[in-house]
Amino acid sequence: MTISRRLLLSLPAALALAPRAALAQAAIGTTRALTGRASLTRAGTSADLHQSDPLMEGDEIATMAASTAALELFTATRITLGPETRFTLDRFTADLGGVVSIGGAMVFDRPEDLPKLDLTVQGAFARIGVRGTRFFCGPSKGVYGIFVARGRVEVAAGGETRRLGPGEGVDIARPGAAPGAVAPWKAPRIAAAFALVGLRP
């Protein structure tokens, strides 16, 4: 069964009550997996998130305690959310990019053989410029950490910018603070960061 057919067959009843204009949008992604509970808010209407639910521009996903959600944005861009995380698809176009907002822990993963995205990840701690990569952002060792496993990102916060490559991370002590020095992360910290969203490095 094709992805588009699965999406049509899996629309939950609660979202079927959403305004007609919201349903008229084309899906830009899907919910690949869910552990625990999460909600999906669309056009002011909230419902429980389920595996295979379609995702549309403007959607906000919120995971509950001890819960994770694995999302896929077309094509093949995977985003895994940790517990008590809010994620909003402000604007996204497949193979071009856009803007998403995050509050909590996330791993972003896009295969290297796909076209580079021009994506901005907005959060309370930093703005992260993405060009197609695999990276973590979220709580780590008592601060907000950003770590690049593959590719490159640009982190802007507190009026300063840091550029991170593979194996490098940066810490931000609080919202509004500048990033610390770019430094390699050790294996235990990397493992703990990815485990926060239910993944391995």
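**Notebook: a helix, a sheet and some rings**

I began with helix α4, which lies across β10 (106-109), β13, β14 and β17 (168-172) and runs at about 100 degrees to β14. For this I took contact as heavy atoms within 4.5 Å, and axes as lines fitted to C-alpha atoms, for helices over the stretch in contact, with angles from 0 to 180 degrees between N-to-C directions. Helices (H or I, at least four residues) and strands (E, at least two) are DSSP runs, numbered from the N terminus.

I note that this is a predicted model, in which local features need pLDDT of at least 70 and side-chain atom pairs count only at pLDDT 80 or more, while totals for chains, interfaces and linings use all residues. Residues are numbered from 1 along each chain as its sequence is written, and side-chain values use heavy atoms, with hydrogens and water left out.

**The sheet**

I then looked up the strand order and found an open sheet of nine strands, β4-β1-β6-β7-β10-β13-β14-β17-β18, with antiparallel pairing; two strands pair if DSSP finds at least two bridges between them. At the edges are β4 (54-55) and β18 (183-184), each of which pairs on one side only.

**The rings**

My search of the whole structure gave four aromatic pairs, where rings of Phe, Tyr and Trp (its six-membered ring) pair if their centres lie within 6.5 Å, and planes under 30 degrees apart count as stacked, over 60 as edge-to-face and the rest as tilted. One of them is the stacked pair of F125 and Y144, at 4.5 Å centre to centre with 5 degrees between the planes. F125 lies in the loop between β11 (118-122) and β12 (127-130) and Y144 in strand β14, so this pair ties together parts 19 residues apart in sequence. Y144 is buried, with a relative accessible area of 9%, whereas F125 is partly exposed at 23%; buried means under 20%, exposed over 50% and partly exposed in between (1.4 Å probe, protein chains only).

The ring centres of F136 and F194 are 6.4 Å apart and their planes at 35 degrees, so I recorded this pair as tilted. It links F136 in strand β13 with F194 in helix α4 (residues 187-195), 58 residues apart, and both residues are buried.
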